[in-house]
Amino acid sequence: INHYGEPEAHIITGRGCIYNCAFCAAAKSINGDIVIREKSKESIIAEIRYLQNIYKNLKSVRILDDLFLKNNESIIKAISIFNKFSLKWRSMAHVFSFKDSNKNTLSELRKSGCSELFIGIDSGSPKILKKINKNHNVDLIKQNLTKLLESNISIKGYFIYGFPDETEEDFKMTYDLAVFIKKQSQEYKTSFRISV
């Protein structure tokens with residue numbers, strides 16, 4: 001049973017990572033020998049059908065894969081997968097996965113059942129984001145997340161406090177970013193949850 005009270009099953013659609021976040025054990029720089037593997041569209045559809053067969057009351061699927069929605073092409077693939085089902089679904093995603101997505105694509109994503117995305121926002125400090133090998137354009141982070149909320153897709157944001165050399169000013173920037181996203185979620189009448 002997920003956070004929203006719905007029966008939910010989890011699937012993994014890929015292994016490996018294209019990102020190099022300094023705090024992550026899956027970072028590409030320390031896993032150079034691991035080939036990124038992604039399940040095919042047909043394999044994912046078959047797995048969801050299998051889950052529906054064994055869990056007759058299934059209402060939602062959660063995708064445990066940072067790369068499932070890595071770019072606009074993968075977003076369109078996800079829409080085509082979940083348009084075959086009458087299920088809600090939730091997924092992990094990178095904060096910059098949606099930089100090239102327009103309102104129509106995000107509206108279709110929502111219509112396909114996408115109800116919530118789990119996104120590693122990590123910090124509101126450009127200095128800290130740069131230090132951990134993440135894009136440090138906070139305005140672009142705000143734009144991407146606002147586009148999701150405007151499309152009625154909820155967000156669970158992951159933040160990290162306590163990076164080496166992080167200052168109270170850096171902490172405040174992170175807090176201010178979280179407050180901004182919360183206000184956007186209220187404006188668009190959707191949900192913004194956090195994990196710190």
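1. Buried means under 20% relative accessible area, exposed means over 50%, and partly exposed lies in between (1.4 Å probe, protein chains only). By that scale Tyr 161 is partly exposed, because its relative accessible area is 35%. Tyr 161 sits in the loop between β7 (154-159) and α6 (168-187). Helices (H or I, at least four residues) and strands (E, at least two) are DSSP runs, numbered from the N terminus.

2. The model is predicted: local features need pLDDT of at least 70, side-chain atom pairs count only at pLDDT 80 or more, and totals for chains, interfaces and linings use all residues. Residues are numbered from 1 along each chain as its sequence is written, and side-chain values use heavy atoms, with hydrogens and water left out.

3. Tyr 161 also belongs to a nonpolar surface patch with Phe 171, Tyr 175, Ile 194 and Val 196. Together they have about 510 Å² of accessible area (Shrake-Rupley method, 1.4 Å probe; for residues, only the protein chains shown count as cover). Patch residues have over 30% relative accessible area and no salt bridge; like charges are joined within 9 Å, nonpolar side chains (Val, Leu, Ile, Met, Phe, Trp, Tyr) within 5 Å. A salt bridge is a side-chain nitrogen of Lys or Arg within 4 Å of a carboxyl oxygen of Asp or Glu.

4. Leu 51 lies in helix α1 (residues 41-54). Leu 51 counts as buried because its relative accessible area is 8%. Residues up to four places away in sequence aside, Leu 51 touches Ala 9, Ile 11 and Leu 58 (contact: heavy atoms within 4.5 Å).

5. How do α1 and α2 pack? The angle between α1 and helix α2 (residues 72-82) is about 40°, and their axes are 10 Å apart. Axes are lines fitted to C-alpha atoms, for helices over the stretch in contact; angles run from 0 to 180 degrees between N-to-C directions. Lys 41, Ile 44, Ile 45 and Ile 48 of α1 meet Lys 77, Ser 80, Ile 81 and Phe 82 of α2.

6. Ser 115 is in strand β6 (residues 114-122). Ser 115 is buried, because its relative accessibility is 12%. Beyond neighbours within four places in sequence, its contacts include Trp 89, Arg 110 and Ile 153.

7. Most residues other than glycine have a negative phi. Asn 133 has a positive phi, near 70°, and lies in the loop between α4 (126-131) and α5 (138-150). Lys 189, also not a glycine, has a positive phi of about 55°. Lys 189 is in the loop between α6 and β8 (192-195), and is exposed at 71% relative accessible area.
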